[in-house]
Amino acid sequence: MINVCSFKKGTPGMSDVVADVRKEMNDFVARYRRNNNVNGSASFNTLYTAINTLSGHYASYGNNYPVPEKRKKRLTQQFAEIDKALKRGR
């Protein structure tokens, strides 16, 4: 997800990579959303929010449109929060 956020318009292979990431995001949510050991943690909640943000972007604009700077900034902040939470075991 972090790599996909850094793509620029016209990046070669962007559509295929984004399609793979979208599938991985869907698989992750399908697997862990109902797992009570995971879904209440701070890292999961923030990751779920980031997945919804990125997934919504690609659902609206398609796989070939890069993430805008404002959304990229928010996602980068969320990724940092996830890393912090994971390091604390949350």
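In which helix do K72 and E69 both lie, and how many residues apart are they? K72 and E69 are both in helix α4 (residues 69-87), 3 residues apart, about one turn of the helix. The model is predicted: local features need pLDDT of at least 70, side-chain atom pairs count only at pLDDT 80 or more, and totals for chains, interfaces and linings use all residues. Residues are numbered from 1 along each chain as its sequence is written, and side-chain values use heavy atoms, with hydrogens and water left out.

**Fold**
- The protein chain has 4 helices and 0 strands, where helices (H or I, at least four residues) and strands (E, at least two) are DSSP runs numbered from the N terminus.
- The C-alpha atoms fill a box of roughly 40 × 25 × 20 Å along the principal axes.

**Burial**
- Of the 90 residues, 31% count as buried; buried means under 20% relative accessible area, exposed over 50%, and partly exposed in between (1.4 Å probe, protein chains only).

**Salt bridges**
- The count comes to 2 salt bridges, each defined as a side-chain nitrogen of Lys or Arg within 4 Å of a carboxyl oxygen of Asp or Glu.
- K72 and E69 form a salt bridge at 3.1 Å, N to O; K72 is buried at 13% relative accessibility, whereas E69 is exposed at 54%.
- D27 and K23 form a salt bridge, with the closest N and O atoms 2.9 Å apart.
- D27 and K23 are 4 residues apart in helix α2 (residues 14-32), so about one helical turn separates them.
- D27 is partly exposed at 40% relative accessibility, and K23 is exposed at 52%.
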